[in-house]
Amino acid sequence: FSHTQSSSESKVSSLAGQPATIITPIPANGVGEIAYVQAGTRYTAPARLESAATSVGNGKLVRITRVVGSQFYVIPAD
């Protein structure tokens with residue numbers, strides 16, 4: 001191989017702190033869906049709130065805090 005393929009792991013780790021929008025509401029102790037933009041491309045991902053006791057409605061702005069496997073964790077953006 002004359003060319004090393006890049007890993008998506010480094011791209012995912014750079015998402016902490018990035019803004020995202022709720023596209024499927026996240027219920028308390030549940031999973032919803034977010035949309036975020038990275039390198040000019042829009043992606044969607046399953047997401048949970050860091051504080052499981054709250055919920056966030058559709059269209060709200062959140063901030064990605066961490067990614068565990070394919071699960072994104074978010075906090076409301078203030």
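Two strands pair if DSSP finds at least two bridges between them. Strands (E, at least two residues) and helices (H or I, at least four residues) are DSSP runs, numbered from the N terminus.

The legends describe a predicted model, in which local features need pLDDT of at least 70, side-chain atom pairs count only at pLDDT 80 or more, and totals for chains, interfaces and linings use all residues. Residues are numbered from 1 along each chain as its sequence is written, and side-chain values use heavy atoms, with hydrogens and water left out.

**View 1. Strands β3 and β5 in parallel pairing.** Three bridges join β3 to strand β5, residues 71-76. L49 stands opposite V74 in β5.

**View 2. The hairpin of β2 and β3.** Strand β2 (residues 32-38) and β3 run antiparallel and are joined by seven bridges. V37 has R42 of β3 opposite. Two residues lie between the strands of this hairpin, where A39 takes a positive phi near 55°.

**View 3. The closed barrel.** Strands of a sheet pair through backbone hydrogen bonds, either parallel or antiparallel. Five strands form the barrel in the order β1-β2-β3-β5-β4, with mixed pairing. From one strand to the next, the twist averages 55° (axes are lines fitted to C-alpha atoms, for helices over the stretch in contact, and angles run from 0 to 180 degrees between N-to-C directions). β1 and β4 pair in the antiparallel sense over three bridges. T21 has L61 in β4 as its bridge partner.

**View 4. The salt bridge of E50 and R66.** A salt bridge is a side-chain nitrogen of Lys or Arg within 4 Å of a carboxyl oxygen of Asp or Glu. By this rule the model has one salt bridge. In the pair E50 and R66, the closest N and O atoms are 2.8 Å apart. The pair links distant parts of the chain, 16 residues apart: E50 is in the loop between β3 (41-49) and β4 (61-68), and R66 is in strand β4. E50 counts as partly exposed because its relative accessibility is 33% (buried means under 20% relative accessible area, exposed over 50%, partly exposed in between, with a 1.4 Å probe and protein chains only). R66, at 39%, is also partly exposed.

View 5. pLDDT is the predictor's confidence in each residue, from 0 to 100. The chain averages 87, and 86% of the residues score at least 70. Over residues 6-10, pLDDT stays under 50, and the model has one contact (heavy atoms within 4.5 Å) beyond four places in sequence for them. Where pLDDT is low, the predicted coordinates should not be read in detail.
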